[in-house]
Amino acid sequence: MTENDVVSRTFRALVESADRKFARVRDVPAYGRVHNQHYFQKVFKAYMRLWKFQQENRSKLVESGLNRWEIGEIASRIGQLYFGQYMRTSEARFLVEAYVFYEAILNRRYFDGSKLGLGKDLGVRFKELRFYARFLMVSFILSRTEMVNHLLDRFKALVDDSKANFRDTNFKEWRQVVQEIVRFMKVDTSFMNARPLRYCATFDSHPASLSYVARFHAKKVLKFQDALLTSYRRNEVKFAELTLDTFRMLQCLEWEPTGSFFHHKHPAEPKENGSFTDHSGASGLIDINLAADMTDPTLPPNPRKAILYRPSVTHLIAVMATICEELPPDSVMLVYLSASGKVGRDVAFTECSGGSQKFSRNKAVSLLEHSDTLPVSSVIEKGESSSGYYDKYLWFGPRGNCGLNNLYPGDIIPFTRRPLFLIIDSDNSHAFKAVRIISVAKFKSWIFSELTSVVLHGAERGEPAALLLSPLKPSFKNPSEMDIAQSGSQFTFFLTAPLPSFCQLVGFSNPDTEADVYNEAEDILSTAFSEWEVILLTSRSLDLVWAQVLSDPFLRRLLLRFIFCRSVLSFFCPPEDREQCLPTCLPSLPNSFSPDSEVVKASVLRLAKHLRVVDCFHFDDT
């Protein structure tokens, strides 16, 4: 056996070992703090050994018949591992490492052999297609617009080439992927001059309020470290398993990295012929150095985010339970739900459950014997028919499925034992106004006052939740020209990109042609947020539910944008439609932030005047 044969056999053994370990971690859920970290370390080390071995023995492996696409496949797997770690941890360094590997594969054309007459291998072509789809996803999240455009052109050409050269294979799914990307880009790049969705210290930290932020301290301060993001709508814009709404919220809950973070220096890499080539930036050495600290030292860590694509209700609840169980002390969990809803029901509750539509008091009494706390809706507290408790929900699945795919407000209540920051974006969001926690003693009071007129008093239990609830319907200057399915949720757009959403509302198009006007509008909005931030931080009437999360920059920014959204819509919508067209927050904010308060109105009016869209609003009506 020659030396080359030994090297080739060792290489194949390392590939098989790494692939086995990769299969173990590929489908590990991307949520929860405990996720078989030991296996991830093992698979990373396996690929580190494999990659180092092929680097050191590249010339011998090539002589033994190693194809360039095989090197590309190893690098693609490593990129996939890094991206998976990013989705599980939200650590930006993993996302950047994935980009490093994918860009190197592209620049070195590891997969190009499948188009150069080196064998029309269908399996290799599918590997190449998957590589482009994954690299597009990473580039999307990193906001590399130029790279996305470049990859999309090459991806389209590759799909067309595949249809021409593999006529017996149906590439319909890949054509659909191309259509998804084009549709996504059309929406995502409609405001090219817009500021980053991520939290950028340059734009989102206001110098005039920094001293107030530093001095602010509530009776209780919560840390924001975990979030759950999900959307379930018909025909929503998406790419792979990332919908437009969750993409915007994902970006909104991350720090914008500095330039130096993306351009770290790499050492030289040996070429196949043994010479050396020096690469700089992300296209440099493809190396796995787990000890290297790529995190930006100037930024705090990103909150961890579990992103669920079209989950079932039971899966959604299970993930919430996992995150709540692992939530560190003195922490708050953000839950973002974007879904359709409906008042009333399609199918009688009796048909779904096989039981009475009326709440059984006997059953309720028996429950009291087995529980210290019992969640019920405030509609019960008010003495209304408890069947209404099940009337309002969000859809997380097909219609008319006997409640199996309906998420009720009561489903959220058990998780309010821990602090929650809820964002409900739905045409039935106001159903969640009823969410409250009532102690068993208070529930007994209701039950037995109904039966014996005896009132039993008890203290409430559970953590009061912070709620941001969307309007029941969107508002636009030209509603006939807007397709919600094609443009994403208006409320989410306001929370993640306030000025672009304002422009969309009033029909202010083509901001690229009026860059100076648009940039001045951003400055007006930043000034308003800075002023409102100071008022929030110095308010003596701010509810503790808001005060305890105000120290977090992400949650504080969301609250400021909510104030802006509510005020804009209150002046935009006709008075008779305001109940359905305005978002709601619970608990209520101080009166100084009411939609028509002078400090808020003045900023909205200034912005409208600057963009010459005052005629779209009803400022005089207030």
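User: Which exposed residues does the face of α7 turned away from its buried side carry?

Analyst: This is a predicted model. The buried residues of helix α7 are M147, V148, L151, L152, F155, L158, V159 and S162. They lie on the same side of α7, because they cover an arc of only 135 degrees around the axis. On the face turned away from that buried side, the exposed residues are E146 and D153.

User: What covers the buried residues of α7?

Analyst: Helix α7 spans residues 145-165 and reaches 30 Å from its first C-alpha to its last, close to the 30 Å expected at 1.5 Å a residue. Its buried residues include L151, L152 and F155. The elements that cover the buried residues include α5 (92-108), α6 (122-141) and α8 (172-188).

User: Is E70 buried or exposed?

Analyst: E70 belongs to helix α4, residues 68-89. Leaving aside residues up to four places away in sequence, E70 touches R12 and G65. The relative accessible area of E70 is 13%, and a residue under 20% counts as buried. E70 is therefore buried.

User: What is the relative accessible area of T10?

Analyst: T10 is found in helix α1, residues 3-26. Its C-alpha atom is separated by 9.0 Å from that of F53, a residue 43 positions apart along the chain. T10 is classed as partly exposed because its relative accessible area is 32%.

User: Which are the edge strands of the open sheet of 6 strands?

Analyst: The strand order in this sheet is β6-β1-β7-β12-β14-β15, with mixed pairing. An edge strand pairs on one side only, and the two that do so are β6 (304-309) and β15 (584-586).

User: In which sense do β12 and β14 pair?

Analyst: The two strands comprise residues 420-425 for β12 and residues 466-469 for β14, and they are joined over 4 bridges. The sense of the pairing is parallel.

User: At about what angle to β1 does helix α11 run?

Analyst: Helix α11 (residues 244-252) lies across β1 (223-232), β6, β7 (331-339) and β12. Helix α13 (residues 313-326) also packs on the sheet, where it touches β1, β6 and β7 and makes about 175 degrees with the direction of β1. For α11, the angle to β1 is about 165 degrees.

User: What percentage of the residues in the protein is buried?

Analyst: The protein has 26 helices and 15 strands. It exposes about 28000 Å², of which carbon and sulfur atoms supply 50%. Of its 622 residues, the buried share is 52%.

How values were computed. Residues numbered from 1 in each chain as written. Predicted model: local features only at pLDDT ≥ 70, side-chain atom pairs only at ≥ 80, totals over all residues. Heavy atoms only, no water. Buried < 20%, exposed > 50% of the residue type's maximum accessible area, 1.4 Å probe, protein only. Expected span 1.5 Å × (residues − 1). Arc of directions from axis to C-beta. Contact = heavy atoms within 4.5 Å. Areas by Shrake-Rupley, 256 points an atom, 1.4 Å probe, with all protein chains shown as cover. Pairing = 2+ DSSP bridges. Axes fitted to C-alpha atoms, helices over the stretch in contact; angles between N-to-C directions.
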